[in-house]
Amino acid sequence: MTASDAAATAPDAAIGPVRQSEIYLAGRLPEPPVDPDALRAAAEAALPEAAFAYIDGGAGTGSTMAENRHALDRWRIVPRMLASAEQRHSGVDLFGRALRSPLLLAPIGVQELAHADGDLATARAAATEQVPMIFSNQASVPMEETAEAMGDAPRWFQLYWSRSDDLIASLIARAEDAGCDAIVVTLDTPLLGWRNRDLDLASLPFLHAKGIAQYLSDPVFRAMLSDPPEDDPMAAIARFLAIYTNPAIGWADLPALCARCRLPVLVKGILDPADAERAIDAGVDGIIVSNHGGRQVDGAVGAADALERIVAAVGTNVPILFDSGIRSGADMFRALALGARAVLIGRPYIYGLAVAGEAGVRAVIRNLLAEFDLTMALAGCRTIAEIDRSRIIRRE
Ligand SMILES: Cc1cc2nc3c(=O)[nH]c(=O)nc-3n(C[C@H](O)[C@H](O)[C@H](O)COP(=O)(O)O)c2cc1C
Ligand SMILES: CCCCCCC(=O)C(=O)O
């Protein structure tokens, strides 16, 4: 049985309002909690201080993280009545693949910090729920092992644009072999943001080599080292830090990167309409509007504000995806109404992972999709196409 067969037949795999009655009828507290603040608090209780600070933290004062929430919350849903929305369909097509819902798991590095089973627990949960997982360039587990845990379920690969062309070629080839459907090139991290909480704890998880598994398993990277990384891990980390990004690259370099990928290429971290136009001109297949969950530029524009401006400038012919601040089904609805084709979540599923491993990630996905389906029903939308700009108004 494939993972998708399992998802379709498992009695507890249903998504939608059934989840709500399931929780009430069970009569016990759900773990992890449903409420986003309670979920975050449960993850804090489950994790060592430095791990939680890294996962939960943002750049500087955290103002961009807060602004992400305000920017979404400013959009108010206008429910429509008598819409005959008894049956809803929340499937979407992305790059030729039919997806069960407009939800993906954002690339999150160093998942081993959240749970010993790390990326593998997330992969199994994503496969069961048929939600694409985007493998992080900084994963704790090589992409081949994560792919193996997913059967034929959808997965993408996120790439940091290395100084080494050979390493880029190797990572892309491995992603193709691992059955990835798309390459996500993250543009907003040419340097790591200024993260107060990690700095005050003097803790960067990569120093424990938990976030460079894609490199340690890469023949091109290993050939760059004088000694095997097993013998000299600090030298491997130093090498990684020297090459994992390339702050010198510019827009003129993007067409060549797109041309060397057989898979669709999306760029992640776009916040300005002019950058979205340049990306499309360079040949990308999709754009992810994101401020990296507020982890890069303190004071940056709220991601939903950027989404509105970008959709107004470039339209939606090239798929625009969205992340940074999504915490509920209502947030998913808002982002889609603003023009996003699909949304990504980051911290929420990692909090679920921290609290209850694979089951925790599954619960977070299921709760979110159940609330999204219910929001569609109560707002009077039968299909994703019906969730358009007319469904929301902006309050100042
Ligand atoms: C702990 C952590 C690690 C992350 N690692 C990566 C990464 O390796 N690559 C990447 O492109 N984005 C990374 N991100 C950013 C996420 O992909 C995503 O943009 C962000 O989490 C979305 O915001 P949210 O957490 O508010 O949902 C990371 C975010 C967190 C919280
Ligand atoms: C020095 C490695 C940088 C990768 C950081 C992973 C990431 O994106 C994050 O937000 O943290």
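Mentor: The mean pLDDT of the protein is 94, and 96% of its residues reach 70 or more. This is a predicted model, for which the predictor gives the complex an ipTM of 0.99 and a pTM of 0.96.

Trainee: Where does pLDDT stay under 50?

Mentor: Over residues 1–15, for which the model has 22 contacts beyond four places in sequence. Where pLDDT is low, predicted coordinates should not be read in detail.

Trainee: Why are α6 and α17 called roughly parallel to each other?

Mentor: The axes of α6 (residues 118–129) and α17 (residues 347–379) cross at roughly 5° and come within 8 Å. Angles under 35 degrees count as roughly parallel, and therefore α6 and α17 receive that term.

Trainee: Which residues of α6 and α17 meet?

Mentor: From α6 there are A121, T122, R124, A125, T128 and E129. Their counterparts in α17 are Y349, L353, G357, E358, V361, R362, I365 and R366. By class, the residues of this contact divide into six nonpolar, three polar and five charged.

Trainee: What residues make the contact of α14 with α15?

Mentor: P273, A276, E277 and I280 in α14 meet R309, I310, A313 and V314 in α15. The contact of α14 with α15 has six nonpolar and two charged residues, with no polar ones.

Trainee: How do you know that α5 is oblique to α15?

Mentor: Helix α5 (residues 63–73) packs with α15 at an angle of about 50°, and their axes are 6 Å apart. By the reasoning on ranges already given, this makes α5 oblique to α15. N68, A71 and L72 of α5 form the contact with A303, A304 and D305 of α15. By class, the contact of α5 with α15 has four nonpolar, one polar and one charged residues.

Trainee: What is reported for the peptide bond that joins E31 and P32?

Mentor: That bond is cis, with omega about -5°. P32 is placed in the loop between α2 (18–26) and α3 (36–46). Most peptide bonds are trans, and most residues other than glycine have a negative phi.

Trainee: Which residues surround ligand 2?

Mentor: They are G109, Q138, T189, L192, F206, Y244, H292 and R295. A residue counts here if its C-beta atom, placed from the backbone, lies within 6 Å of the ligand. The shell around ligand 2 has three nonpolar, four polar and one charged residues.

Trainee: How many residues lie around ligand 1, and which come nearest?

Mentor: There are 23, of which A106, G109, T186, G293 and G346 come nearest. By class, the shell around ligand 1 comprises seven nonpolar, 12 polar and four charged residues. G109 is listed for ligand 1 and for ligand 2.

Note on methods:
Residues are numbered from 1 along each chain as its sequence is written. Chains are lettered from A and ligands numbered from 1 in the order in which they are written. This is a predicted model: local features need pLDDT of at least 70, side-chain atom pairs count only at pLDDT 80 or more; totals for chains, interfaces and linings use all residues. Ala, Val, Leu, Ile, Met, Phe, Trp, Tyr, Cys and Pro count as nonpolar, Asp, Glu, Lys and Arg as charged, and the others, Gly among them, as polar. Axes are lines fitted to C-alpha atoms, for helices over the stretch in contact, and angles run from 0 to 180 degrees between N-to-C directions. Helices (H or I, at least four residues) and strands (E, at least two) are DSSP runs, numbered from the N terminus. Angles under 35 degrees count as roughly parallel, over 145 as roughly antiparallel, 65 to 115 as roughly perpendicular and the rest as oblique. Two residues are in contact if their C-beta atoms, placed from the backbone, lie within 7 Å. pLDDT is the predictor's confidence in each residue, from 0 to 100.
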